[in-house]
Amino acid sequence: MTTTVVIGGSFAGMTAALEIKRKGKDKHKVILIDKSPLFLFIPSLIWVPFRRRDIKDISFRKDTILAKKGVDFVNAEALNVDVKNQIVTTDKGDYKYDHLVVATGPKVKYDIAPGVAEHTHYIGTPNGAMKARTALEEFKKNPGPIVIGATQNAGCMGAAYEFLFNVEKWLREQNIRKKVDLYWITPEDYLGHFGIDGMPMGESMLKSFMKMFNIHYRTQVGVKEVTENKILLTSDEELPFKFSMLMPPFIGVDFVTNSPDLHATPTGYISVKDSYQHVDYSNVWAAGIAVNVPLPFTPSKVPFASPKTGYPSDETGKIVAENIIRVTEGKTKLKEKAWGKIMGLCIMDCGKKEVIIFSDHLFKPRNFAVMIPNVIYDFNKLILEKYFLWKTKNGYSYLP
Ligand SMILES: Cc1cc2nc3c(=O)[nH]c(=O)nc-3n(C[C@H](O)[C@H](O)[C@H](O)COP(=O)(O)OP(=O)(O)OC[C@H]3O[C@@H](n4cnc5c(N)ncnc54)[C@H](O)[C@@H]3O)c2cc1C
């Protein structure tokens with residue numbers, strides 16, 4: 001019996017754990033450790049501030065389905081790992097493993113600039129999304145300028161763009177759009193770079209959206225400081241605001257940085273081969289955001305990162321599972337797919353409109369890449385949400 005400990009039970013970790021058990025059956029014991037008992041469909045958090053979703057609509061307890069599929073769930077926080085002795089220490093005890101999968105996602109670097117944590121909102125957590133909801137209710141009573149964007153070193157620009165267009169739509173619904181100067185700030189070299197060096201027509205499409213929705217924008221800017229009602233940009237321009245949402249950078253979680261054996265990068269990510277096997281250990285694997293993905297481009301003015309989205313997170317979870325099975329069967333040929341060669345598949349919600357982003361590879365060179373706008377309704381994004389929640393609730397981890 002091979003024991004695999006998976007740390008983190010979201011897009012990457014839940015997929016990896018279920019797939020190891022599905023493929024390995026009784027020859028594999030799988031222990032999934034997560035500090036949260038809930039599975040949360042993070043992409044729908046962008047709708048929570050506008051009451052289009054409540055947290056309960058987009059989350060469910062993961063222990064039931066894991067138990068049904070034969071995966072042992074431990075609701076604990078992993079503190080560190082001793083790779084030599086193959087032991088993970090958690091706040092609820094130690095766990096010995098034959099294989100370890102690190103799928104711990106990101107930690108948000110709120111201290112990227114003074115005042116970001118104190119004066120701006122972040123909608124990437126349930127708490128943060130609910131705080132933004134309350135703040136927008138207050139804002140409605142006495143509107144003013146809004147600044148939305150991403151800070152230097154951020155990589156998850158897509159979610160911030162989605163929030164921007166949803167705010168714009170919400171302002172119109174509240175009949176206060178004319179009272180609000182709406183600003184977009186981004187470290188990207190150009191609109192629609194998205195940390196993947198753009199898509200054909202992407203820049204012109206986003207420029208036309210900004211014009212159509214009367215949104216002012218600044219590219220190649222970072223944040224120097226935020227005070228109660230002003231953002232000082234690296235260009236030395238000051239933007240006043242009454243409400244602001246900024247996407248800070250993501251870094252590796254404390255479990256990784258507190259485990260020197262993992263030899264993480266300075267930003268706390270794990271360097272892996274194209275098989276997602278640790279570069280230094282054959283029984284340690286990483287999947288999802290925890291993976292170190294070298295930048296496929298050089299930002300020309302302000303640093304920013306590449307996004308690590310849901311599809312590659314799920315896909316790397318599957319690759320890791322397949323490879324653990326192969327290794328335990330004594331096979332030496334592993335499945336390999338570099339992060340940048342995974343298919344690009346994303347739907348950017350634009351406030352009851354959407355843009356479908358599809359390419360054969362996430363990073364260039366690509367053989368095909370398209371951005372298809374849908375101005376009728378964001379039904380593809382809704383279908384994706386329903387599909388993903390259905391798939392995960394039922395443990396159908398083998399589905400795309
Ligand atoms: C606001 C927002 C919107 C997004 N929208 C989209 C979108 O539209 N499309 C898309 O493709 N992607 C989107 N993403 C990105 C997507 O959410 C991520 O790609 C995905 O969540 C990554 O999955 P993961 O499993 O690697 O990490 P995560 O989903 O972050 O999961 C990490 C898990 O590890 C657990 N964990 C962490 N540390 C420990 C520890 N020490 N001990 C135990 N457990 C631990 C956490 O509790 C969590 O369950 C969005 C992200 C944000 C923030």
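Predicted model: local features only at pLDDT ≥ 70, side-chain atom pairs only at ≥ 80, totals over all residues.
Two packed helices are described by the angle between their axes and the distance between the axes. Here the pair consists of helix α5, covering residues 157-173, and helix α6, covering residues 202-212; their axes come within 12 Å and cross at roughly 25°. Angles under 35 degrees count as roughly parallel, so α5 is roughly parallel to α6. The crossing of α5 and α6 also has a hand, and it is left-handed.

Attention can now turn to the backbone in the loops. The loop between α5 and β12 (182-185) holds N175. The phi angle of N175 is near 60°, a positive value in a residue that is not glycine. N175 has a relative accessibility of 70%, and because exposed means over 50%, N175 counts as exposed. A second residue with this kind of backbone angle is Q220, where phi is positive at about 55° although Q220 is not a glycine. Q220 sits in the loop between β13 (215-218) and β14 (223-226). With a relative accessible area of 22%, Q220 is partly exposed, since that class lies between the 20% limit for buried and the 50% limit for exposed.

Another loop carries a cis peptide bond. The bond joins K364 and P365, and its omega angle is about 0°. P365 belongs to the loop between β21 (354-359) and β22 (369-374).

Is I383 buried or exposed? Its relative accessibility is 53%, so I383 counts as exposed.

The relative accessible area of V6 is 0%, and because buried means under 20%, V6 is classed as buried. How far apart are the C-alpha atoms of V6 and R172? They are separated by 45 Å, and the two residues lie 166 residues apart along the chain.

Technical notes:
Residues numbered from 1 in each chain as written. Heavy atoms only, no water. Buried < 20%, exposed > 50% of the residue type's maximum accessible area, 1.4 Å probe, protein only. Axes fitted to C-alpha atoms, helices over the stretch in contact; angles between N-to-C directions. Helix = DSSP H or I, 4+ residues; strand = E, 2+ residues; numbered from the N terminus. Parallel < 35°, antiparallel > 145°, perpendicular 65-115°, else oblique. Left-handed = near helix turned anticlockwise from the far one by under 90°.
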